[in-house]
Amino acid sequence: MSALRRKFGEEYQVVNTNRAAAYVAPAKKKRQRFVEKNGRCNVQHGNLAGETSRYISDLFTTLVDLKWRWNLLIFILTYTIAWLVMASMWWIIAYIRGDLNRGDDPSYTPCVANVYNFPSAFLFFIETEATIGYGYRYITEKCPEGIILFLFQSLLGSIVDAFLIGCMFIKMSQPKKRAETLMFSQDAVISQRDGKLCLMFRVGNLRNSHMVSAQIRCKLIKSRQTPEGEFLPLDQCELDVGFGTGADQLFLVSPLTICHEINSKSPFFDLSQRSLMSEQFEIVVILEGIVETTGMTCQARTSYTEDEVLWGHRFLPVMSLEEGFFRVDYSQFHSTFEVPTPSYSVKEHEEKASLRSPVITPPIVDSHVRKERVFSLDCIDASEERAPGPVGTGNRLGRQQRASSGKEGQQRPALSTGPQQSERASSTGDLPLQLQRLGSTGDRAKPGDGRSLGTLQVRPVPMTQSTGDLQQARGPTALVPVPLLLPGVRPEDSLPPKLRKMNAER
């Protein structure tokens, strides 16, 4: 190898031509995330030159939001500076009164006894502030300025203690650390559940203490362009994880699989396995709840990019039943396995389904072969035989009425009873009409004949459906009972003259 490099130069490289060697895909460039996997938002605010005063106005929240190293530094510097300033004020009072030079005179009464220099003045301040009270240094009654300074020191010390100690307590009791025991799966999966294509991920609680009123939400962050030409670089879209059904309210005792159904209202309606490779999006998951032990609201966050969504996978089960309890195996929390899943999108599936099942149109049926509706008359005795008359009268009358069934607004003669129990009166497709009974006032009953039928009048009424689908109307019926005739009267005598003539000729 060294001889080859000396011959061809230092840029000589050996190429491996072994075809059996495994192909190593080039490393994918790290994707810029909007929210990190640990929940930290990757956003920085800049050019706040004119807005920095807003942070000073809310100083307490600003101190709580700072990192721990800055909080500890501010805590130490605040007390150190306050102690030095107050000790200097006590030393200045002793210096102005001349107490530093006359400490050995027993007849002289100083402002603060046994304060001769700055260290002694500092110790007196610490004893006063911490209320230790050794009893060696004390304020005398001949120093009014010392009494005023003592009152000011007590008030200022109480304010500083309340501010800094409260800030440290709030920062220590923040529920951010509680969010670290809320666990999300490393990847999200897309597979079928209950016959529907769903996007799923898993969430779990590592502590025995529960999250009260736990609720989960999902946001899809994806760049898009509006129809008006406006470009939205980080557009946020809501993903439904059961808001309408209440499935977003979690009872987080054991690991749960959160499911988003991909339908026509989902942003992933046209997402397929092939288009997933070219898409660029990020799914932000937000889990909120109240910490059971402290009663404070906690929020845990994570995100899934397009390369962390596995198509055709499902999570391994982690629950098992032991003797008297359920066991959760968190070693399989992030594990998935492949399942048969269609590679096309839900949109393509619906389009294929619509092509396989075309819309069925009702067939066009001729009016002569349509199903006829039978109108029964309540007053006709079906067991009684037909009254004597010319042969074929019933058939001729039936043809006569079917011939005139298409005309509206005309009177139609009644049908005489035949040998059967009922007679076909009209076609269901040709009779969008309402039948009414007219009283037989012109015809007289003749003795010697059986029973007779009164005439029926047909009045056209516009209808929106066929008579075969109509329900029985409320109120008076369309056909009223026909009155019985006297004995000896033939049914043909009640017919119009034209029909009687046609029957006689036949």
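W311 counts as buried, at 11% relative accessibility, where buried means under 20% relative accessible area, exposed over 50% and partly exposed in between, with a 1.4 Å probe and protein chains only. This is a predicted model, in which local features need pLDDT of at least 70 and side-chain atom pairs count only at pLDDT 80 or more, while totals for chains, interfaces and linings use all residues. Residues are numbered from 1 along each chain as its sequence is written, and side-chain values use heavy atoms, with hydrogens and water left out. The protein chain has 11 helices and 19 strands, the helices being DSSP runs of H or I of at least four residues and the strands runs of E of at least two, numbered from the N terminus.

**The chain as a whole**

- Of the 506 residues in the protein chain, 30% are buried.
- Among the contacts in the protein chain with a separation of 6 or more, 69% are between residues 24 or more positions apart; contact means heavy atoms within 4.5 Å.

**W311 and E338**

- W311 is placed in strand β10, which covers residues 309–311, and, leaving aside neighbours within four places in sequence, W311 is in contact with I190, L197, L271, S272, Q273, L276, T341, P342, S343 and Y344.
- E338 lies in strand β14, residues 336–338, and is exposed, with a relative accessible area of 64%.
- W311 and E338 are 27 residues apart in sequence, and their C-alpha atoms are 8.5 Å apart in space.

- Helix α4 (residues 68–97) packs against helix α5 (residues 118–129) at an angle of about 120 degrees, with the axes 8 Å apart; axes are lines fitted to C-alpha atoms, for helices over the stretch in contact, and angles run from 0 to 180 degrees between N-to-C directions.
- That angle makes α4 oblique to α5, since angles under 35 degrees count as roughly parallel, over 145 as roughly antiparallel, 65 to 115 as roughly perpendicular and the rest as oblique.
- The α4 and α5 crossing is right-handed, meaning that the near helix is turned clockwise from the far one by less than a right angle, with anticlockwise counting as left-handed.
- On the α4 side, A82, W83, L84, M86, A87, S88, W90 and W91 meet F118, A121, F122, F124, F125, I126 and E129 of α5.
- The residues of this α4 and α5 contact divide into 13 nonpolar, one polar and one charged, with Ala, Val, Leu, Ile, Met, Phe, Trp, Tyr, Cys and Pro taken as nonpolar, Asp, Glu, Lys and Arg as charged, and the others, Gly among them, as polar.
- Helix α5 also packs with helix α6 (residues 144–172), at an angle of about 60 degrees and with the axes 10 Å apart, and this crossing too is right-handed.
- F125, T128 and E129 in α5 meet F150, Q153, G157 and D161 in α6, a contact that has two nonpolar, three polar and two charged residues.
- Between α4 and α6 the angle is about 175 degrees and the axes are 11 Å apart, and the two helices are therefore roughly antiparallel to each other.
- The contact of α4 with α6 comprises 18 nonpolar, four polar and four charged residues.

**Aromatic pairs**

- A search of the whole structure finds eight aromatic pairs, in which rings of Phe, Tyr and Trp (its six-membered ring) have centres within 6.5 Å, and planes under 30 degrees apart count as stacked, over 60 as edge-to-face and the rest as tilted.
- One of them joins Y79 and W83 in a tilted pair, 5.9 Å centre to centre and with 55 degrees between the planes.
- Both Y79 and W83 lie in helix α4, four residues apart, or about one turn of the helix; Y79 is buried, with a relative accessible area of 13%, whereas W83 is partly exposed, at 32%.
- The rings of F201 and Y304 have centres 5.7 Å apart and planes at 40 degrees, so this pair is tilted as well.
- F201 lies in strand β3 (residues 196–205) and Y304 in strand β9 (residues 297–305), so the pair ties together parts that are 103 residues apart in sequence.
- F201 is buried, with a relative accessible area of 3%, and Y304 also counts as buried, at 0%.
- Ring pairs link F75, Y79 and W83 into a cluster.
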